[in-house]
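Subject: Structure for you, with notes

Hello,

Here is the structure you were waiting for. My notes follow below it.

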Amino acid sequence: MKIADLLNDKNTLLEKINHTIPNSVYIFDLNEVNMVWFNDRVKDLYGYTLAEIRAQGTEYYARSMHPDDIPVLNAAIERSRDLKEGEVISIEYRFKDSNGQYHWINDRITPFSRDEHGKVNTILGIATDVNDSKNHEENLKKTIEKLNLSLSAANMGTWEWDIEQNRLQWDSKMYSMHDVPEMPDMDPMTEVWKRALRDDMENVNRKVNEAVTNHQDFYVTYRVAYQNKEIHHIKCYGKFMTSSGTPRMYGVAWDSTEEIQTEMQMAETKAKMISSTKMAALGEMSGGIAHEINNPLTVIQARAFQLQQMVDAGKTDPIKIRQAAESISRTADKIARIIKSLRSFAREGTYDPFEVVPVKQVIDETLEFCRTRFYNHGVEIEVGTIDPDLEVECRLIQIEQVLLNLLNNSFDAITDLKDKWIRINVTEKVDCIEISVADSGSGIPAAIADQIMLPFFTTKEVGKGTGLGLSISAGIIKSHKGELRLKSEAANTTFVITLPRWQEDEALSY
């Protein structure tokens with residue numbers, strides 16, 4: 001059969017369309033409010049035969065449609081009665097299948113036949129099952145609601161930038177956090193440049209341009225001056241996307257002023273705690289330090305008296321004068337070293353640059369603070385052999401603070417013991433060094449061994465310890481990319497400091 005003959009054979013054409021079309025096609029009687037005919041797709045999709053649908057009679061809507069959609073369907077029926085030829089209306093509703101499950105239907109309706117008065121009495125409908133897209137739409141809606149709730153809870157604003165059109169869109173939160181009035185035809189970026197600190201925005205501009213050029217995300221922080229002169233810190237994240245066909249950036253921003261202020265307060269509090277711990281250590285050693293200085297002063301006084309006697313007696317023996325002067329000079333140098341160590345130790349060293357120092361110097365300078373105090377209390381200090389050429393890259397003041405804290409802890413723990421000794425040993429490894437501080441104590445009980453590095457945990461009597469010494473010390477060593485640990489397997493109480501020989505990358509501040 002030729003194509004022209006097939007097109008003229010309407011029955012054959014309609015039959016082929018009926019079997020091919022994926023939609024449900026039906027004829028509906030407006031007066032009976034029931035189906036007259038529908039194609040096989042209704043049976044395939046929803047499990048009904050025409051007889052089953054017609055058997056529902058006037059209860060068809062009540063039994064087959066979602067109750068909330070019946071008013072929409074009734075309105076469509078009334079509207080359909082006055083449709084013109086070729087005019088189409090479209091509605092959406094939920095239809096219940098033979099298993100009791102609802103399906104979203106998109107229905108396009110047009111007149112099929114009219115009565116003697118020209119009123120439409122039957123309509124032709126093409127129903128498309130849009131359940132999957134509706135479910136997707138509903139899930140997307142819920143996701144957006146959750147996202148908006150999360151953004152609201154996090155106090156975040158959202159933005160979108162059309163890169164080709166150079167058009168930036170903000171939500172209301174973005175306007176409020178930048179102290180910019182939300183007005184039509186206002187360019188948000190122009191207002192930001194008016195309020196933001198110039199240096200910050202130049203950095204933002206550079207990073208955004210890099211992100212656009214390299215098709216990558218960016219993260220920036222900048223400061224904005226409010227009209228009331230307050231400075232607010234804004235953090236902003238942007239993601240580059242081309243899924244829509246044109247390059248765009250989507251992002252979020254939030255006011256981190258409170259976060260920044262909290263960090264500053266924490267840093268200040270930490271610095272005060274470190275200073276307090278250091279001052280407490282110096283207080284414990286004050287008697288020993290006074291003795292360390294008093295002994296050299298006695299030597300200087302004796303030598304000065306000797307010189308005075310020589311002058312009074314008219315005896316100016318050059319050899320004896322030189323010996324006395326050299327003794328005074330050496331003794332004064334010793335006092336100067338003690339005072340220099342005190343001044344350095346009392347200073348906050350968090351932001352000191354890293355320097356390469358001999359490990360032996362670190363040990364010797366630390367012992368200057370406490371050697372006499374330990375001697376006066378009968379505590380023997382033993383230092384193992386240290387290679388004078390062994391060096392480590394560190395913040396000297398901070399490492400001395402850690403060592404002094406360990407030595408003071410050992411002293412407090414063994415003062416009342418019969419056998420009192422502290423041993424310091426240095427072990428050189430391939431890429432690190434280990435400094436161990438052991439004492440004659442019998443070790444830390446297993447029950448508290450895991451807690452001793454925690455802030456404010458102490459085994460000392462009330463008023464004799466803050467519980468911050470080991471916690472701060474552990475933080476300092478960690479900032480050097482090292483480790484401070486208790487050697488629990490040792491017979492005596494032993495702490496081990498592990499430090500990398502060199503700080504290859506920038507270390508952390510503490």
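I begin with the cavity lining. At least two of its residues come from each of these elements: strand E1 (24-29), strand E2 (34-38), helix H3 (40-46), helix H5 (60-64), helix H6 (70-80), strand E3 (89-96), strand E4 (102-114) and strand E5 (120-129). The cavity meant here is the largest one, and H6 makes the biggest contribution to its lining, four residues. Please keep in mind that this is a predicted model.

The largest cavity holds about 260 Å³ of space. Its lining is made up of 23 residues, and those closest to the centre are Tyr26, Met35, Tyr60, Tyr93 and Asp107. By type, the lining has 20 nonpolar residues, two polar and one charged. With the threshold set at 30 Å³ or more, the structure has one cavity.

Asp69 sits in the loop between H5 and H6. Is Asp69 buried or exposed? Its relative accessible area is 6%, so Asp69 counts as buried, the limit being under 20%. Beyond its neighbours within four places in sequence, Asp69 makes contact with Tyr93 and Arg94. Tyr93 is also among the residues closest to the centre of the largest cavity.

Some overall figures for the chain. The protein chain has 510 residues, of which 38% count as buried. There are 16 helices and 17 strands in the protein chain. Taking contacts with a separation of 6 or more, 57% are between residues 24 or more positions apart.

Next, the second largest pocket. The space in this pocket comes to about 440 Å³. It is lined by 19 residues, with Trp161, Leu168, Met189, Val204 and Val208 the closest to its centre. Strand E6 (156-162), strand E7 (167-170), helix H9 (188-195), helix H10 (198-214) and strand E8 (218-225) each put at least two residues into the lining. H10 has the largest share, five residues. Sorted by type, the lining of the second largest pocket has 15 nonpolar residues, three polar and one charged.

Asp179 is not a glycine, yet has a positive phi of about 60 degrees. Asp179 lies in the loop between helix H8 (172-177) and H9. With a relative accessible area of 23%, Asp179 is partly exposed. Lys229, likewise not a glycine, has a positive phi of about 80 degrees. The loop that holds Lys229 runs between E8 and strand E9 (231-241). Lys229 has a relative accessible area of 71%, which means that Lys229 is exposed, the limit being over 50%.

On to the nonpolar cores. The largest has 39 residues, and the members that touch the most others are Val359, Ile435 and Ile497. At least two residues of this core come from each of helix H13 (359-376), strand E13 (391-394), helix H14 (396-414), strand E14 (421-428), strand E15 (432-439), helix H16 (469-479), strand E16 (483-486) and strand E17 (494-500). H14 gives the most, nine residues. What does Ile497 touch, leaving out residues up to four places away in sequence? The partners are Val402, Leu403, Leu406, Ile433, Glu434, Ile435, Ile477, Glu483 and Leu484. There is also a second, separate core of 26 residues, including Trp159, Met186, Val220 and Cys236.

Helix H16 also contains Gly475. Gly475 is buried because its relative accessible area, 12%, is under 20%. Gly475 and Val402 are 73 residues apart along the chain, and their C-alpha atoms are separated by 9.8 Å.

Last, the cysteines. A disulfide is a covalent bond between the sulfur atoms of two cysteines. How many disulfides does the count give? The count is zero, with sulfur atoms within 2.5 Å as the rule. Cys236 has a relative accessible area of 8% and is therefore buried. Cys432 is at 14% relative accessibility, so Cys432 counts as buried too.

Regards

Technical notes
Residues numbered from 1 in each chain as written. Predicted model: local features only at pLDDT ≥ 70, side-chain atom pairs only at ≥ 80, totals over all residues. Heavy atoms only, no water. 1 Å grid on protein atoms, 1.4 Å probe; cavity = no way out; pocket = protein on both sides within 12 Å on 5 of 7 lines; lining within 4 Å. Points joined across faces, edges and corners; volume = space filled by probe spheres on them. Nonpolar A, V, L, I, M, F, W, Y, C, P; charged D, E, K, R; others polar. Core = buried A, V, L, I, M, F, W, Y, C linked by side-chain atoms within 4.5 Å. Buried < 20%, exposed > 50% of the residue type's maximum accessible area, 1.4 Å probe, protein only. Contact = heavy atoms within 4.5 Å.
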